[in-house]
Amino acid sequence: MTTLTKDSPISIPSRGRHSRREGDLGRPRGPGSVLSYAVLILMFGYFLLPFWWILVASTKSNDSLFSSPALWFGDNGLIDNLREVFTFNDGIYLRWMLNSAFYAAVGGVGATVVSALAGYAFAKLRFPGRNLLFNVLLGLIMVPATALVLPTYLLLSRAGLVDSIWAVILPTLLNPFGVYLFRVYANDMVPEEMLEAARIDGASELRIFRSVALPVMRPALVTVLLFSIVSTWNNFFLPLVMLSNDRLFPLTVGLRTWYRTATINSGASVLFNLVIVGSLLAIVPLVAAFLLLQRYWQGGLTVGSIK
Amino acid sequence: MTGSVRTRRRSIHRQTGTGLLFVAPFTVLLVAFLLFPLGYAFKLSLYRSTLIGGDVFSGLGNYQDVWADPEFRQGVVRVVIFGLVQTPVMIGVALIAALMIDAITSRFTKFFRLAMFAPYAVPVAIGALMWGYLYSPDLGPLHADLLTGPLALISMGNIVTWQWAGYNMIILYAALQGLPREVLEASRVDGAGQLRTAISVKIPMISSALVLTVIFTIIGTLQFFTEPLLLQPLNPGTITNSYTPNIYAFYQAFSYQQYNYSAAVSFALGAVVFVGSYLFLFFARKRSGLQ
Amino acid sequence: MGKQRRFSRSVAPALIASLALTIAACSGSSGGSNGSGDAGSTSAAGTGVTRIKVWAWYPEFKPVVDLFNSTHKNIQIDWTNAGAGGDEYTKLQTALKAGKGAPDVVMLEFQELPTINLTKHLVDMGKYGANSIKGNYVDWAWKQSTDGDKVYAIPVDAGPMGLLYRADLFKKYGLTVPKTWDEFKTTGQALKAKDPKAFITDFGANDGGFMHGLFWQGGAKPYTYSASNLPNIGITMNDPAAQKVMAYWDDLVKSGLADTTSYGTTDFYNGLSTGKYATYIAAGWGPGYLQSVAKKTAGKWRAAPMPQWTAGADAQGDWGGSSFSVTDQSAHPKEATQVAMEIFGSDKAAWKLGIDKAFLFPTSKPILEWDYFRNKKWDFFGGQAVNGDVFVPASEGVGIFDWTPFNDYVFGQLTAAVGQAVTKKTSFVDALNSVQSTVSTYAQKQGFKVAS
């Protein structure tokens with residue numbers, strides 16, 4: 001074991017080949033052993049297996065779903081399935097999709113803004129109750145959300161907001177994990193000296209936040225925004241209980257309703273092919289967004305650091 | 001001197017004002033959607049209610065019933081075992097993956113990162129659906145009854161790992177990416193191989209990120225809910241209405257209308273989670289970035 | 001500076017866009033939504049049109065709603081599928097508890113009716129003339145929906161039980177259609193001898209309604225309960241008849257004659273499609289259901305009456321069925337009652353939709369006797385009129401049966417206990433006895449006076 005100090009000389013790496021790639025920050029890396037590649041490839045297959053399943057399953061009609069093996073094709077009902085999904089019940093699926101997008105956008109942006117402000121305040125501003133509030137936060141999320149559903153319902157009902165978009169959006173704005181992340185990021189990325197300098201110059205805290213902190217925290221914003229959008233898009237339990245107007249359902253609740261209607265026995269709506277194709281179409285936007293926006297969020301994550 | 005004192009005081013005054021302002025939206029939401037519901041639920045838990053009679057104040061009576069309730073206790077044992085196994089597995093997978101892609105230079109690793117993170121984008125309801133089909137004894141690839149008996153917990157644990165390992169991996173990977181070059185260079189210069197570097201250098205240096213992910217995984221496993229709920233129809237003989245304490249709380253409230261008892265179950269579970277989390281934090285206190 | 005401006009430039013339009021979308025969303029969509037937590041119906045001032053909110057999950061229900069709306073100018077239905085089964089009941093219970101948000105008219109399965117009724121939030125439709133259609137409904141369904149003259153639900157559909165069997169396989173293996181449960185077992189043994197991989201049927205231990213239908217047909221009366229007789233309740237889940245049923249199926253499962261795959265799973269449908277199951281113990285909605293999940297086997301199935309416990313008897317049971325109730329949050333109980341009575345009622349046009357598209361089995365006597373329904377020939381069943389042959393006669397023989405006001409608890413306990421017995425290969429009768437004990441204890445703790 002060597003002693004590692006900050007004063008160790010930066011020497012030219014002499015082992016192995018490494019190339020500097022964009023966004024790499026010049027980190028020395030090796031080509032990787034056969035073993036590690038094998039492990040990675042196995043894991044790769046494991047993570048993608050269900051996606052393969054749902055792609056294959058989406059091409060099947062109901063009969064084929066129930067009789068052909070899960071991982072290979074049966075008949076070719078993809079076009080029919082797609083058509084059915086979008087026309088069933090007057091095209092309510094499209095409505096659900098728009099709802100999900102709306103909730104995710106508003107909820108995601110909203111949660112990010114709220115968490116950023118709070119996280120920064122916890123990290124960099126001094127105000128009474130700061131430590132108490134922060135320490136209590138972790139304890140609060142230990143009680144399962146199940147306990148909160150009925151009181152939340154009663155509260156929103158009193159406010160007349162049950163069965164409305166606010167019943168979905170408002171609760172998602174509360175994101176303790178996001179606040180944690182921002183506090184850590186703010187601590188790491190925003191140097192105290194810059195803040196002090198700006199304060200001495202007489203800048204207001206708001207101004208400091210906007211001009212000094214925010215630009216530096218941009219990768220954190222992107223990261224938390226991404227996580228918030230995903231989490232709101234996938235929001236399921238609370239909307240399930242709050243919403244009874246099916247025109248307000250997000251995709252998760254809508255698909256669940258189709259699924260339950262199909263499995264409830266008394267009734268003959270065999271909707272499984274719809275549930276599967278609907279699920280595939282529900283996943284595609286997010287995965288596509290990840291792929292397209294890779295540069296931003298992968299860059300964002302690597303510039304930050306959680307120590 | 002007085003000039004800078006005045007500036008200092010004004011600065012602190014400004015900080016307080018802005019601090020409170022910034023924290024206000026979060027605090028309002030916290031009060032509305034966390035503190036108030038918790039308070040209300042706690043109050044509920046102090047009353048007993050029967051289908052025939054009304055509400056009767058019973059103090060901690062519900063809690064006595066809960067701790068004595070065999071269905072609750074079995075659920076607790078189950079989630080504790082689940083947590084003890086699932087947490088190392090999940091974080092282990094995430095950590096190994098993060099270390100590997102941190103150390104390897106290849107275009108493939110970028111695809112791999114995406115592939116591992118993609119399940120996080122899948123709503124839990126759909127993830128459970130996908131794996132439910134893959135677990136089909138006749139049509140799935142494994143041709144085994146994976147949702148019966150003890151195997152059920154492992155099968156559901158698999159779904160959780162599949163869904164969340166990528167998310168945890170990204171957090172750990174980001175931490176790894178933030179490590180200072182010099183330290184890693186020094187390790188390399190001193191002759192340490194990749195594995196040694198990983199174990200002795202990298203892992204200790206991302207300990208606070210590790211603690212963060214472990215804590216949230218512990219909380220998640222002890223509160224295990226969604227996967228059992230969604231897969232229950234496939235095998236209600238194994239996945240019963242009290243399979244985990246959280247599921248038990250759900251059915252008590254939303255199927256049996258036992259809102260008071262349900263609240264007590266939830267808080268009792270909260271106590272278990274509290275103990276579990278702080279036990280872990282205690283043992284990890286030297287490395288914790290959360291103090 | 002640039003980054004900061006870019007940030008606010010990207011946030012501002014996002015906020016404006018969301019604001020715009022918000023306004024658009026709040027102003028409501030085409031006729032269906034009711035916006036914020038409104039308790040129920042609205043009456044557009046001066047136009048005399050009463051809007052009634054209905055929650056239901058019947059398949060293909062929209063054409064039925066449209067039909068009603070086109071024939072009733074003063075009452076218009078706003079329908080939403082708020083969830084199927086338990087999901088809907090959860091939302092209903094929370095809305096009833098909160099005092100706001102429940103619909104005017106809600107679809108309730110018969111087995112769930114006492115539970116909802118116990119909240120005392122259901123309207124007695126007898127006050128609004130519901131008793132006038134009493135004669136239109138089969139006796140047992142009306143009894144489950146009422147309490148003397150108090151009418152808490154209008155029956156819609158049901159599921160009298162019968163046997164659907166693979167005629168082609170029976171012919172191939174020289175099997176005779178069993179008329180008694182003893183014959184059912186011997187037929188099963190003969191089948192097993194010819195095809196070791198096949199089962200005479202599947203026993204769905206995950207379905208409480210199915211098992212209760214078997215108890216019902218076996219002559220068991222597990223519960224004696226009536227809302228007007230509170231807090232008394234009789235719980236005899238393990239009476240001799242029920243034990244007989246459980247012992248029988250225990251034997252069939254343990255002899256490998258009956259499979260134990262859960263109903264409603266892919267493997268179950270697979271079994272129906274591939275001839276793994278030679279029979280399907282079905283309810284009146286079963287033919288349509290089978291036709292949808294096992295298309296490949298069209299033409300191969302036939303229907304026969306349920307095997308009897310005693311040769312020549314006519315014991316029948318029911319599995320499933322639902323009704324419409326009116327909640328006390330309705331601002332227009334009279335119109336809501338009318339909706340409940342008339343949306344299906346005995347209306348041939350509505351029932352044509354229900355029969356053809358949703359494969360519902362009626363509880364309405366005029367519809368049961370209607371030629372269109374009774375003599376409908378099913379291609380899937382080789383042209384057999386399964387309704388008239390099997391299920392309508394069965395419907396006539398279904399007797400009185402009570403449910404408990406904590407049905408979810410009972411079903412949960414039963415499916416868990418029998419499921420465990422299946423997995424651990426222990427006695428079904430023991431499982432039944434343990435459920436009897438847990439349920440009695442539960443009822444006592446809940447304040448009921450339990451008689452066993």
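This is a predicted model: local features need pLDDT of at least 70, side-chain atom pairs count only at pLDDT 80 or more; totals for chains, interfaces and linings use all residues.
You'll find C:E60 in the loop between strand 1 (50–55) and helix 2 (62–71) of chain C. Its phi is near 50°, a positive value in a residue other than glycine.

What makes that worth a look? Most residues other than glycine have a negative phi.

Is C:K425 buried or exposed? It is exposed, with 9 other C-beta atoms within 10 Å.

Now for a peptide bond: the one from C:L230 to C:P231 is cis, with omega near 0°. C:P231 belongs to the loop between strand 9 (223–224) and strand 10 (232–235) of chain C. As background, most peptide bonds are trans.

## Where chains A and B meet

How many residues does each chain bring to the contact between A and B? Chain A puts in 85 residues and chain B puts in 93 residues. On the chain A side, helix 1 (residues 34–58) has the largest share, with 12 residues. Sort that side of chain A by class and you get 55 nonpolar, 20 polar and 10 charged residues.

## The nonpolar core

The largest nonpolar core has 327 residues, and the members that touch the most others are A:Y120, B:A94, B:A98, B:L172 and C:A340. Helix 3 (residues 78–124) of chain A gives the most to this core, with 19 residues.

Take B:A94 as an example. Setting aside its neighbours within four places in sequence, B:A94 is in contact with B:A165, B:N168, B:M169, B:L172 and B:T213.

## Two domains in chain A

Chain A is assigned domain 1 (33–76) and domain 2 (79–192 + 218–303). The C-alpha centres of these two domains lie 27 Å apart. Their contact takes eight residues from domain 1 and nine residues from domain 2.

Which elements give two or more residues to the domain 1 side? They are helix 1 and helix 2 (62–67) of chain A, and helix 1 has the largest share, four residues. By class, the domain 1 side has four nonpolar, three polar and one charged residues.

Conventions: Residues are numbered from 1 along each chain as its sequence is written. Chains are lettered from A and ligands numbered from 1 in the order in which they are written. Two residues are in contact if their C-beta atoms, placed from the backbone, lie within 7 Å. Ala, Val, Leu, Ile, Met, Phe, Trp, Tyr, Cys and Pro count as nonpolar, Asp, Glu, Lys and Arg as charged, and the others, Gly among them, as polar. A residue is buried if 20 or more other C-beta atoms lie within 10 Å of its own, exposed if 12 or fewer, and partly exposed in between; C-beta atoms are placed from the backbone. A nonpolar core is a set of buried Ala, Val, Leu, Ile, Met, Phe, Trp, Tyr and Cys residues joined through C-beta atoms within 7 Å. Domain bounds come from an automatic or database domain assignment.
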